[in-house]
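Q: I have a model on screen and want to learn how to read it. Could we go through some features one by one?

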Amino acid sequence: MITKFDSSYVGSVDLENAGYLGTPINERRYSNEVLADTLHKAVAYAQKMDQLGYDTFWMAEHHFQPEGTECIPNLLMMATHLASVTKRLRIGCGFNIVPMWHPLRLAEDYAMADILTGGRVTFGIGRGYHTREVETFGSPLIDQDANRAMFEEGVDIIFRAFKEERFSHKGKYYTLPPEVPYRGYTLKELTLVPRPTHAVECWQPIQSGSDRAFDFMAKYGVCGVIGGGSAEGGAVDKFMTGFQAAYARRGIKLRPGERLALGYQFHIAESKEAAMKKAAAYYEENMKMFGELRLVRAITEQQIAAMRDPSLVPSTKLPRIEDAVKAGGFLAGTPADIIAELKAVERRWPGLERVICTMPLGTPLATTLEQIERFAKEVMPAFKGEVRAAAAD
């Protein structure tokens with residue numbers, strides 16, 4: 001049963017001239033003032049969600065993007081600030097890119113955020129997908145095997161640091177601590193100071209859906225986020241059952257959808273047609289941004305070329321918002337339309353408790369705030385009734 005409604009913001013500017021026929025993403029450049037304003041947009045977004053009774057506000061860690069698409073480099077700094085200007089909203093790290101951090105620095109920073117916010121920050125881990133980011137920080141991404149190995153070793157260190165009063169580690173990428181002299185003895189163990197004081201709930205994006213990935217998540221009790229792009233590729237069923245099976249292999253029985261979240265983009269209007277028309281350009285910006293990075297399935301080289309060059313768009317068949325709505329990855333229409341879609345999801349996956357409903361990348365802040373208010377007042381009460389309505393007052 002769906003009981004938790006979240007939204008997310010990756011730190012994008014209000015994109016002008018949007019869509020396949022608009023400005024190519026590699027030609028976008030913004031002033032530092034405009035890029036810095038994305039942090040203030042996050043504050044406005046979170047405060048509005050807090051007032052409306054949403055559960056969690058998710059943000060994404062990204063670096064070096066003068067194109068204005070993903071501009072929040074440190075989630076834990078941002079989360080600590082947001083907790084100070086909201087009352088009850090949880091702040092989700094969606095996601096900290098483990099290979100770009102020393103795992104002990106990430107563990108320390110999260111522990112501080114956990115303590116200072118009273119446990120309102122949700123931990124999140126990911127492997128990364130921008131070569132410009134991961135490789136610049138000196139970690140592998142082009143070599144996917146090395147990226148995964150470094151990620152898995154880093155996560156193991158983080159969880160040991162969270163849970164064990166004293167620990168040591170020897171692996172391919174890290175030896176902790178180094179055996180060096182310290183105040184008259186040889187260093188053999190470390191203690192994370194301080195450790196988190198609240199139970200650590202950890203989330204990870206589901207991309208490949210391999211047994212190895214699911215088994216890794218189950219080993220550490222990690223929850224999974226399935227994005228709308230996966231829904232469009234028809235992968236949700238596969239991911240749901242694969243995740244459930246991995247936990248079963250560890251003797252943990254989950255209901256279908258339990259410990260998972262489904263992510264959607266949405267737009268509410270007087271009809272499906274009107275909603276799609278208003279959101280189409282920003283949906284296309286998402287395709288321009290993420291399609292080439294292979295976060296959207298079944299994108300061809302010809303389509304990527306057209307997303308870079310508007311002159312090729314008229315002669316190329318490209319993903320359209322109508323396709324996403326039909327496939328179930330984008331919720332568009334009246335509140336009743338969206339309620340019906342989510343009720344069907346709830347029936348299919350009765351263990352599912354959380355959905356993340358957000359606006360396409362680059363949607364202007366004013367539109368975003370209007371849309372999340374409509375969603376809270378016209379969609380969420382159908383799932384939480386008087387309890388949700390009271391929380392929003």
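This is a predicted model: local features need pLDDT of at least 70, side-chain atom pairs count only at pLDDT 80 or more; totals for chains, interfaces and linings use all residues.

Q: How is a pair of aromatic rings described?

A: By two quantities: the distance of the centres and the angle of the planes. Here the count comes to 21 aromatic pairs. Take Tyr45 and Phe57. Their ring centres are 5.0 Å apart and the planes meet at 45°, so this pair is tilted.

Q: What is the geometry of the pair Phe159 and Phe162?

A: The ring centres of Phe159 and Phe162 are 6.1 Å apart, with the planes at 80°. Planes over 60 degrees apart count as edge-to-face, so this pair is edge-to-face.

Q: Where do Phe159 and Phe162 lie?

A: Start with the helix itself. An α-helix has 3.6 residues a turn, so residues three or four places apart point the same way. Phe159 and Phe162 both belong to helix H5 (residues 144-163). They are three residues apart, about one turn of the helix. Both are buried.

Q: Which residue lies over the face of Phe383?

A: Lys343 does, at 4.4 Å from the ring centre.

Q: On to helix packing. At what angle do H1 and H2 pack?

A: Read the angle together with the axis distance. For H1 and helix H2 (residues 75-84), the angle is about 45° and the axes are 10 Å apart. That makes H1 oblique to H2. The crossing of H1 past H2 is right-handed.

Q: Which residues of H1 and H2 meet?

A: On the H1 side, Leu39, Ala42, Val43 and Ala46. On the H2 side, Met78, His81 and Leu82.

Q: And how do the axes of H5 and H6 cross?

A: They cross at roughly 10° and come within 11 Å. That makes H5 roughly parallel to H6. H5 makes the contact with Arg148, Phe151, Glu152, Val155, Asp156 and Phe159. H6 contributes Arg212, Ala213, Phe216 and Tyr220.

Q: Which residues of H6 are buried?

A: In helix H6 (residues 211-220), they are Ala213, Phe214, Phe216, Met217, Ala218 and Tyr220. Their cover includes H5, strand E10 (202-205), strand E11 (223-226) and helix H8 (236-249). Gly221 follows H6, with a positive phi near 70°.

Q: Is Lys288 buried or exposed?

A: Check the relative accessible area: under 20% means buried. Lys288 has 3% relative accessibility, so Lys288 counts as buried. Lys288 is in helix H9 (residues 272-290). Beyond its sequence neighbours, Lys288 touches Gly19, Tyr20, Gly22, Thr23, Pro24, Ile25 and Met307.

Q: What does Gly11 touch?

A: Gly11 lies in the loop between strand E1 (4-9) and H1. With a relative accessible area of 0%, Gly11 is buried. Leaving out residues up to four places away in sequence, Gly11 touches Thr38, Gly68, Thr69, Glu70, Cys71 and Ile72.

Q: Which loops hold Asn17 and Arg259?

A: Asn17 is in the loop between E1 and H1. Its phi is positive, about 50°, although Asn17 is not a glycine. Arg259 lies in the loop between H8 and strand E12 (260-268). Phi of Arg259 is also positive, near 65°. Asn17 is partly exposed at 49% relative accessible area, and Arg259 is partly exposed at 32%.

Key
Residues are numbered from 1 along each chain as its sequence is written. Side-chain values use heavy atoms; hydrogens and water are left out. Rings of Phe, Tyr and Trp (its six-membered ring) pair if their centres lie within 6.5 Å; planes under 30 degrees apart count as stacked, over 60 as edge-to-face and the rest as tilted. Helices (H or I, at least four residues) and strands (E, at least two) are DSSP runs, numbered from the N terminus. Buried means under 20% relative accessible area, exposed over 50%, partly exposed in between (1.4 Å probe, protein chains only). A charge sits over a ring if NZ of Lys or CZ of Arg is within 6 Å of the ring centre and within 35 degrees of the ring normal. Axes are lines fitted to C-alpha atoms, for helices over the stretch in contact, and angles run from 0 to 180 degrees between N-to-C directions. Angles under 35 degrees count as roughly parallel, over 145 as roughly antiparallel, 65 to 115 as roughly perpendicular and the rest as oblique. A crossing is left-handed if the near helix is turned anticlockwise from the far one by less than a right angle, and right-handed if clockwise. Contact means heavy atoms within 4.5 Å.
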